[in-house]
Amino acid sequence: MKGRVYLFVLLGISALSACQSSTPATPAVPSMVTDATVTTAWGKLVDDPSGKPLRGVRVALEPWKPCRAEPNVPWASKTQKPWKQHETLVCPNALATVKTQVDGRFSFRAPAGHYLLVIGSDDPSDLTRPTIHDQIWLKGGSQHLLAPTPCPTLYPPGKVPAGARCLPPIPQITFPSPERSTDYRLVTISHWEKPCIRAFDSYRAKWNLDPAVVDEWLTENNRAQIREVRSPHFHPWDGNANITSGFVFQPSGDKDCALSLMKLAGAFEVGVAGTLSYSADPRSRWVAALNQALINGRPQDVWISNGEYPRDPRNWKDRLYPSWP
């Protein structure tokens, strides 16, 4: 398959001497050569929350190398208004691409190194399921790839231990079992999320930017935060459970996500700190957004919205959560 790294066995054949012997030359016995720098990596993908294996889902391995914005206009030279030229983000091509089997398993071979594991369509138009973007290190030999789970504690910004590879815990929330296991998982995008994604991408289009891909880790994190705030036992806590500095939070918005999340909370508003600098950046290529009634099943005017849209971590080390899951 294109992009895979194969290990070939070379058959050594004894050379005949200049003077022919009456005994024919004996070919050398082939031997398997093991290479510690080559990794056979495997993992499993399931549905969240059912835990059933997902078959036929694309799995790609991309280099952990920066993407480039085209055209490459220095960011400092830009003004706080829609860009005249269209800007897109071009990222390294996948080194290997496979699909999950009937039991949800996938495997591939690649040299040891630092990679981005992409599981899903990675297509901005896909509003059925998000896409997993996971930071992995291949170490050689046989390696079981494990998905990140909730962190044992909420690490302060800049204090995430090296190699933590976990998601922020949310007080008062019990995560679905697939999110607490080490299998990779994909949720289904809900009707509360689709209008928000469409609104975000419509604003991106106004700024001549490519649409963003819905990300799995951001989606899980957004849902947990909304569930927490909507809980009848909710009480504020001193912490920040976002994965990125690029986010908006609107506790009393409107059922129209474009108003609640994108405008009232300032995602694309000029002069609002920490919003436009991310949402109107071509490097912000992943997104999750959710807008839901605060009190389920009751007529009321209070809605709760949350959105996250980090810059590609291969291009940018976020000050809030510097170790991408």
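## Aromatic pairs

Across the whole structure, a search finds seven aromatic pairs, where rings of Phe, Tyr and Trp (its six-membered ring) pair if their centres lie within 6.5 Å, and where planes under 30 degrees apart count as stacked, over 60 as edge-to-face and the rest as tilted. The model is predicted, so local features need pLDDT of at least 70 and side-chain atom pairs count only at pLDDT 80 or more, while totals for chains, interfaces and linings use all residues. Residues are numbered from 1 along each chain as its sequence is written, and side-chain values use heavy atoms, with hydrogens and water left out.

## Phe106 and Tyr184

One of the pairs joins Phe106 and Tyr184 in a tilted arrangement, with 6.3 Å centre to centre and 55 degrees between the planes. Because Phe106 lies in strand 6 (residues 105-111) and Tyr184 in strand 10 (residues 184-186), this pair ties together parts that are 78 residues apart in sequence; strands (E, at least two residues) and helices (H or I, at least four) are DSSP runs, numbered from the N terminus. Both Phe106 and Tyr184 are buried, a term that means under 20% relative accessible area, with exposed over 50% and partly exposed in between (1.4 Å probe, protein chains only).

Phe200 and Tyr309 form another tilted pair, at 5.1 Å centre to centre and 35 degrees between the planes. Phe200 lies in helix 2 (residues 194-206) and Tyr309 in the segment after strand 14 (303-308), so the pair ties together parts that are 109 residues apart in sequence. Phe200 counts as buried at 1% relative accessibility, and Tyr309 is buried with a relative accessible area of 2%. Together with Tyr203 and Phe268, Phe200 and Tyr309 form one aromatic cluster.
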